[in-house]
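Thanks for coming. I will go through the aromatic contacts in this one, and I will keep it short.

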Protein chains: 2
Amino acid sequence: MSGRLFVVGLGPGNPDQVTPQANAAVAAAKFFYGYKPYLDRLQLRLDQTAVSSDNREEISRAKAALAKASEGETVAVVSGGDPGVFAMAAAVCEAIEAGPEAWRDIDIEIVPGVTAMLAVAARIGAPLGHDFCAISLSDNLKPWEVVERRLAAASEAGFVIALYNPISKARPWQLGKAFEHLRKTLPAETIVIFGRAAGRPDERIETFSLGDVDAGKADMATCIIIGSMETRAIPRGGRHPLIYTPRSLASQ
Amino acid sequence: MSGRLFVVGLGPGNPDQVTPQANAAVAAAKFFYGYKPYLDRLQLRLDQTAVSSDNREEISRAKAALAKASEGETVAVVSGGDPGVFAMAAAVCEAIEAGPEAWRDIDIEIVPGVTAMLAVAARIGAPLGHDFCAISLSDNLKPWEVVERRLAAASEAGFVIALYNPISKARPWQLGKAFEHLRKTLPAETIVIFGRAAGRPDERIETFSLGDVDAGKADMATCIIIGSMETRAIPRGGRHPLIYTPRSLASQ
């Protein structure tokens, strides 16, 4: 008996940024698996059950959800933002590949969402207006040398860089080290955006220059966007400047 | 008298993937500016006016919308997907920077959306499950050498690559050339995904290998995802394989 598994992106956290498709998946599911702060966003009915787990337990969470679905149940794994961007969709795929053959018969529906970098960018202008990349700064799952190599390649080639998972209690130094590394290839005046809780009441969006940005001001819920050499600010009296990356290259 | 300008992301095209925030912006605006296929998605009231323009007229469209907003009107510029990803948000910023001082007083609200690569990825698994980049293949606004340099940098550093604007009548050879270029750094068996109209009734999602992919099968509405050396397929009897990029590095 093969059930159904939704992998749902709840967006950045503002209910106005949750798609109807995500709400329909949440309404259809009976069992919910996720990191507690994401589960807390849901208003579940009495016949729906939530099982929360810590944010570093993605694989065991994916396995538990797949095991429940394989009993014939309708199950949802929830992520903030988009589940395909440094979130649960890849963990579910990994668990399916390594798991019992029967899990391949489960009906998997991945529901995309507005990922953090898009929400942060929208609040400040269009910093992702030209070629960009997204890098997870977590070295739990890849060596730090790979992170440094990717930061160098992306900045040298002129990509705007969005950093996910910038810092945590267990990974306190990586973000500072990343800025240090980027200072080798990018000028000190490069614009850096710290976006936290975009679109939520406790939103905090701040801009710095690469030369004096302080990694200590970020936390694990911050999405960081580092401009390219083309990224610029439009001053506006009494308002936050608009930050954007032009669609065309002035130099190169 | 300064008005209000929404820059709205309508998502990939399925109404279930439009956020309530985007619908609210559409309900609030009186004048709409956009590429006709995006305007055609709206169900406007009799008191709302749509002004369509061709898809290569972003700057003149942005200027017209800003001029209308500066008369005190509430205006919406609409994009498919997310307006900050190779779409209208950067064009609006460019027009503001180059335009009359008064345009800086216009209340700008950018409404993010589900961008094409997220919608395509969700339909097939989690190909963007690890570090990735997005590159516009249009060389209308940047020299082709820059595109090639970025393709090389991204593929050598292990990024999954999403290509936007892959092909058009005016740009018929670029995608084939990009594949040719990528074959220098990536193995022939690298997974390539062509995603068209994700989530819409005419959806077409196909996978190929880099060695034998045919650029001629793409059109301007196709979003292309090129896996890294880590991207893999999980065969599933009778269903499309799940394609995903693991969160951890097997090799490197």
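Start with Tyr38(B), which is partly exposed at a relative accessible area of 26%; the terms here are buried for under 20% relative accessible area, exposed for over 50%, and partly exposed in between, with a 1.4 Å probe and protein chains only. Some housekeeping: this is a predicted model, where local features need pLDDT of at least 70 and side-chain atom pairs count only at pLDDT 80 or more, while totals for chains, interfaces and linings use all residues. Residues are numbered from 1 along each chain as its sequence is written, chains are lettered from A and ligands numbered from 1 in the order in which they are written, and side-chain values use heavy atoms, leaving out hydrogens and water.

Next, the pair on the tryptophans. Trp144(B) and Trp173(B) sit edge-to-face, 5.2 Å centre to centre with 75° between the planes. Rings of Phe, Tyr and Trp (its six-membered ring) pair if their centres lie within 6.5 Å; planes under 30 degrees apart are stacked, over 60 edge-to-face, and the rest tilted. Trp144(B) is buried, at 9% relative accessible area, whereas Trp173(B) is partly exposed at 43%.

Over all chains, the count is 12 aromatic pairs. Another edge-to-face pair is Tyr35(B) with Tyr38(B), at 5.5 Å between centres and 75° between planes. Tyr35(B) is partly exposed, at 21% relative accessibility.

Which residues form one aromatic cluster? Phe86(A), Tyr164(A) and Phe132(B).

Last, charges over rings (NZ of Lys or CZ of Arg within 6 Å of the ring centre and within 35 degrees of the ring normal). Lys68(B) has its charged end over the ring of Phe31(B), 4.4 Å from the centre. For Arg150(B), the ring is that of Phe159(A), at 5.9 Å.
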